[in-house]
Amino acid sequence: MITEQDTLPMDLEQPAPSRETAVTFRSPLPGPTRHGTMDSPLGELTLFGDGEALGGLLTPPQQGTRAIPSEWVADEGSFTEVRKQLAAYFAGELQHFDLPLAPSGTPWQLQVWRALTTIPYGETSSYGQLARELGRPTASRAVGMANGRNPISVIVPCHRIIGADGKLTGYAGGLERKEFLLALERTTR
């Protein structure tokens with residue numbers, strides 16, 4: 001007869017994956033939003049922010065063109081360090097971005113976006129896993145919605161979130177771009 005003393009306790013919780021340190025976001029500086037573009041393997045990226053911190057990195061839309069708000073100021077001379085680090089990332093030479101970031105969002109969105117920055121290069125997580133790590137185990141849909149509104153794609157790596165079954169799920173830039181980014185990271189780790 002097996003007694004309680006003969007069995008080992010079973011750990012039903014999966015151990016948390018090793019994580020990077022979350023980046024710190026800051027508030028955008030007052031003044032106009034500046035924007036510029038950059039060529040990349042994903043197509044022409046739109047960079048925008050306050051001129052010192054990046055507020056957004058947008059991939060080309062699936063169809064048509066992106067309308068830039070008329071109050072934004074074109075400034076192709078801004079975001080020099082962003083362009084340099086992105087070029088190194090796409091060349092497989094950079095795994096960790098070190099940039100001032102100032103995304104605008106709700107407190108929940110900012111919390112999710114910070115958590116995205118802890119997913120190591122070349123690894124993935126699921127919406128449910130991220131929800132559990134944020135102390136909200138039933139909030140996987142809310143994590144998914146915040147993930148989908150991430151304004152700083154690639155640098156705040158929303159592409160590293162996959163479905164619980166291991167399949168690729170929605171990506172604002174398109175699944176083919178998500179596949180490209182994940183393949184790049186897997187082959188250059």
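Axes here are lines fitted to C-alpha atoms, for helices over the stretch in contact, and angles run from 0 to 180 degrees between N-to-C directions. The model is predicted, so local features need pLDDT of at least 70 and side-chain atom pairs count only at pLDDT 80 or more, while totals for chains, interfaces and linings use all residues. Residues are numbered from 1 along each chain as its sequence is written, and side-chain values use heavy atoms, without hydrogens and water.

Helices (H or I, at least four residues) and strands (E, at least two) are DSSP runs, numbered from the N terminus. The axes of helix α2 (residues 107-116) and helix α4 (residues 140-148) come within 9 Å and cross at roughly 85°. That makes α2 roughly perpendicular to α4 (65 to 115 degrees). In contact (heavy atoms within 4.5 Å), residues of α2 including Trp 108 and Trp 113 meet residues of α4, among them Val 143 and Asn 147.

Helix α5 (residues 175-187) has 13 residues. Its buried residues (under 20% relative accessible area, 1.4 Å probe, protein chains only) are Arg 177, Lys 178, Leu 181, Leu 182, Leu 184 and Glu 185. On the other side of α5, Arg 186 and Thr 187 are exposed (over 50%). The cover of the buried residues includes α1 (80-90) and β6 (161-162).

Two residues other than glycine have a positive phi.

Conventions: The expected span of a helix is 1.5 Å times one less than its number of residues. Angles under 35 degrees count as roughly parallel, over 145 as roughly antiparallel, 65 to 115 as roughly perpendicular and the rest as oblique.
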